[in-house]
Amino acid sequence: MHPFSFIEAESPEAAIEALGSRPNSVFFAGGTTLIDLMKLDVLTPQLLVDVNHLPFSAITETTAGVMIGANVRNSDLAHHPAIRDRFPVLSEALLSGASAQLRNMASTAGNLLQRTRCGYFRDVNARCNKRQPGSGCDALTGVNRSHAVLGTSDHCIATHPSDLCVAMMALDAVIHTEKRTIPIGDFYLLPGATPERETVLEKGELITAVQIPDDPIARRSHYLKVRDRASYEFALASAAVALELSGDTIVRVRVALGGVATIPWRSKEAEAVLHGKPATIATFREAADAALAGAVPREHNAFKIQLAKRTLVEALYELTD
Amino acid sequence: MSDTVISGPQATAVDFIVRVQLNINGEERILHIDPRTTLLDALREHLALTGSKKGCDQGQCGACTVHVNGRRTLSCLSLAIAHRGDEITTVEGLSQGDSLHPMQSAFIACDGLQCGYCTPGQIMSAIGMLQEAAEGVPSHVTPDVSQPPAADDLSLEEIRERMSENICRCGAYPNIIDAIQLARSIQRGRR
């Protein structure tokens with residue numbers, strides 16, 4: 001690990017000011033991704049600004065929804081009664097991710113900003129446009145079984161690893177920073193030619209909270225994750241779904257996919273197919289085909305297209321069964 | 001604010017040694033460490049508390065599990081400097097004199113180990129796991145997250161899921177599960 005200085009911020013203003021004091025500085029919250037990547041020399045910050053003591057640890061229920069402080073730990077969020085009752089997809093997504101120990105450590109904002117698990121990003125001896133812009137991408141022709149099939153470019157096919165963000169994408173979460181609010185649908189950037197830019201956040205912009213808008217559709221919501229082992233593993237494919245039925249007809253629906261895309265992936269295409277149709281397996285299959293229509297497979301990950309379709313069909317089936 | 005000094009906005013140098021005060025097993029300990037020192041290395045290399053083990057050092061095996069403010073945490077992915085003011089409990093802090101914690105006794109009674117390397121992490125994790133269950137925390141295998149099982153009703157499936165971070169290369173899992181169930185019944189008997 002490269003040497004660094006560490007400073008405990010006592011206020012949001014102090015945190016932002018400290019971050020601006022060095023070119024290569026980062027906010028430090030749960031640290032579960034950051035320390036891991038610093039040990040690998042993938043990240044080499046000179047300054048860590050500890051934001052854990054800032055007053056962003058509350059979950060507040062309002063009529064407009066739930067406001068989740070940036071520092072709320074994953075385990076506390078998954079366990080909160082308002083989340084479990086009103087937004088079960090969030091709780092399920094969190095509980096399917098990482099491990100109990102990591103969920104006790106990891107923060108809400110940190111989850112939004114977690115880095116890809118791409119083996120070439122994590123290996124400083126490999127070429128990676130995300131880690132070192134312009135160096136190339138060894139994943140394109142390498143072992144790319146775990147890589148993305150949606151939202152990719154010729155510069156990067158790294159999968160976004162989060163479960164929580166997929167659920168948040170389905171619920172139209174709104175990210176609050178100290179100076180603006182950003183709908184989660186506008187928060188992530190497709191890799192394109194600049195995979196090193198992952199979100200619209202500016203240098204030194206500090207996430208303070210994530211708002212989940214109240215919506216009755218969220219009460220009937222579900223997260224289904226498919227992976228190589230039963231626990232403590234990243235998704236090969238996952239689906240966050242929410243819907244409202246009138247009789248057997250789908251009157252409102254939300255679909256987001258994980259494990260298959262470069263960003264948490266909202267599928268308006270699947271939603272358009274499902275809207276106004278009967279909640280049947282045939283409809284779900286048609287929606288899944290629409291969701292994956294734009295998929296671009298590589299040598300080892302073509303199986304993900306079929307897997308993601310089946311995952312979405314199964315998630316919708318479980319929700320309406 | 002801290003003992004760490006930043007020498008103004010233009011500073012580019014980093015701090016090599018910082019003073020950190022940690023509360024470990026109820027005692028205040030003062031360390032002079034490199035900011036890079038993980039909590040695990042602070043315990044093992046600076047405080048001679050070698051019960052917490054370094055298995056993978058990257059958050060995959062659970063052998064380094066300790067409690068921070070009563071919650072199970074991976075000490076290998078924690079920086080010591082970030083834990084000023086926190087109450088840290090290691091496996092060395094569980095017993096009261098010669099009187100072992102019920103989870104420790106249960107691991108012995110059930111032979112919940114072979115080589116023993118993962119055992120401190122298993123024990124710390126198991127204690128944290130039962131505490132979480134007592135607080136009504138659901139898990140991935142809980143059918144309805146709004147209705148978590150009581151700690152006394154945790155199924156084998158629930159225990160396995162909740163302990164999935166703790167790897168045992170010897171494969172002592174059946175006896176580890178037995179030990180957790182025994183410790184739970186001992187604790188229930190005390191209530």
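## A tour of the interface of chains A and B

Across the interface of chain A and chain B of this predicted model, 20 residue pairs are found in polar contact, both residues of each pair being at pLDDT 80 or more. With both chains displayed, the tour begins at this interface.

**Stop 1: the side of chain A that faces chain B.** Select, in chain A, strand S1 (5–8), helix H2 (32–39), strand S3 (47–50), helix H3 (74–79), helix H4 (81–86), helix H5 (88–95) and helix H6 (100–105); these are the elements that give two or more residues to the side of chain A that touches chain B. H6(A) supplies the largest share of that side, with five residues. Colouring the side of chain A that touches chain B by residue class gives 17 nonpolar, 15 polar and eleven charged residues.

**Stop 2: the salt bridges.** Three salt bridges are found across the interface of chain A and chain B. For one salt bridge, select Asp76(A) and Arg71(B), and show their side chains: the N to O distance is 3.0 Å.

**Stop 3: the extent of the contact.** Next, select every residue that takes part in the contact: chain A contributes 43 residues and chain B contributes 45 residues. About 3,800 Å² is buried between the two chains, and carbon and sulfur atoms give 56% of that area. Within chain A, highlight Phe6(A), Leu95(A) and Gln101(A), the residues that lose the most area to chain B; together they make up 17% of what the chain A side buries.

**Stop 4: chain B as a whole.** Five helices and five strands can be traced in chain B. Followed from the N terminus, the elements of chain B come in the order β-β-α-β-β-β-α-α-α-α. Along the principal axes, the C-alpha atoms of chain B fill a box of roughly 60 × 40 × 35 Å.

**Stop 5: a helix pair in chain A.** Return to chain A and select helix H11 (residues 281–291) together with helix H12 (residues 303–320). The two helices pack at an angle of about 145°, and their axes lie 9 Å apart. The crossing of H11(A) and H12(A) is right-handed. Now display the side chains at the contact. From H11(A), the residues are Ile281(A), Phe284(A), Arg285(A), Ala287(A), Ala288(A), Asp289(A) and Ala291(A); they meet Lys309(A), Leu312(A), Val313(A), Leu316(A), Tyr317(A) and Thr320(A) of H12(A). By class, the residues of this contact of H11(A) with H12(A) comprise nine nonpolar, one polar and three charged.

Definitions and conventions. Residues numbered from 1 in each chain as written. Chains lettered and ligands numbered in written order. Predicted model: local features only at pLDDT ≥ 70, side-chain atom pairs only at ≥ 80, totals over all residues. Heavy atoms only, no water. Axes fitted to C-alpha atoms, helices over the stretch in contact; angles between N-to-C directions. Helix = DSSP H or I, 4+ residues; strand = E, 2+ residues; numbered from the N terminus. Left-handed = near helix turned anticlockwise from the far one by under 90°. Contact = heavy atoms within 4.5 Å. Nonpolar A, V, L, I, M, F, W, Y, C, P; charged D, E, K, R; others polar. Buried area = accessible area lost by both parts, 1.4 Å probe. Salt bridge = Lys/Arg side-chain N within 4 Å of Asp/Glu carboxyl O. Polar contact = N/O pair within 3.5 Å; in protein donor to acceptor, adjacent residues only side chain to side chain.
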